[in-house]
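Reader: Hi! Could you walk me through this one while I have it open on my screen?
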Amino acid sequence: MLRLFTAVAIPEDVAETLQRRQSGLPGARWRPLDALHVTLAFYGDADERTADDLASELSRAEGGGAFEITLKGVGAFGDAHRTHTLWAGVEPSEPLNVLAGRCRSAGERAGVPPERREYRPHVTLAYLKPQANPDRIGAWIAGHNLLRSPPIRIDRFGLYSSVLTEDGSVYALEREYLL
């Protein structure tokens, strides 16, 4: 079984800028440079045949032309009990939303429906251990909330596999698609 998702990669210069912000918060497991991306659709586990079907269906999402996105601000995901993820936000982008919708539709056609939760584009910066101090989390967010990247040109997206390890997920680009 392969654990699959589609995403756009963050260019190295922008990723390095984000990486410089990845400090000063005990209990944060910072994501490595090569793991920084904006997910378009998460499909979960698929066997090889279904993965091949998905790869084929995603080729229908190619084209449409390049566009730009901008990272803006930081925040956190969590529930009533604790915060578990720090992220960098993405300014609203209609072309990004359209591409994400095309990736979700490709998954449905391949029999691998993606998650149904609302699409909230972001770059995951860290996963937080349960003992992370909420006050320190809030201070980190306040200290980095003015984040704003230069425009990032998006001219391709990828189908990635993910392997869960003790240190977090490790991603591999399985196939790339040009816009």
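Reader: Let's start with Ser 161: buried or exposed?
Author: In this predicted model, Ser 161 is buried, because its relative accessible area is 8% and the cut-off for buried is under 20%.

Reader: Thanks! Which strand does Ser 161 lie in?
Author: Ser 161 belongs to strand 9, residues 156–165.

Reader: And what does the side chain of Ser 161 make a polar contact with?
Author: With the side chain of Glu 174, at 2.5 Å.

Reader: Nice, rings! How many aromatic pairs are there?
Author: The count comes to five. One of them joins Phe 5 and Tyr 171 edge-to-face, with 5.1 Å centre to centre and 75 degrees between the planes. Phe 5 is in strand 1 and Tyr 171 in strand 10, so this pair ties together parts 166 residues apart in sequence.

Reader: Is Phe 5 buried or exposed?
Author: Phe 5 is buried, with a relative accessible area of 4%. Tyr 171 is partly exposed, at 23%.

Reader: What about the rings of Phe 157 and Tyr 177?
Author: Their centres are 4.9 Å apart and their planes at 15 degrees, so that pair is stacked. Phe 157 sits in strand 9 and Tyr 177 in strand 10, and both residues are buried.

Reader: Changing topic, how many residues has the largest nonpolar core?
Author: It has 49 residues, and those with the most contacts inside it include Leu 40 and Phe 157. Leu 40 is in contact with Phe 157, and also with Val 8 and Tyr 119, among others.

Methods. Residues numbered from 1 in each chain as written. Predicted model: local features only at pLDDT ≥ 70, side-chain atom pairs only at ≥ 80, totals over all residues. Heavy atoms only, no water. Core = buried A, V, L, I, M, F, W, Y, C linked by side-chain atoms within 4.5 Å. Buried < 20%, exposed > 50% of the residue type's maximum accessible area, 1.4 Å probe, protein only. Contact = heavy atoms within 4.5 Å. Helix = DSSP H or I, 4+ residues; strand = E, 2+ residues; numbered from the N terminus. Polar contact = N/O pair within 3.5 Å; in protein donor to acceptor, adjacent residues only side chain to side chain. Phe/Tyr/Trp six-rings, centres within 6.5 Å; stacked < 30°, edge-to-face > 60°. Lists of a residue's contacts leave out its neighbours within four places in sequence.
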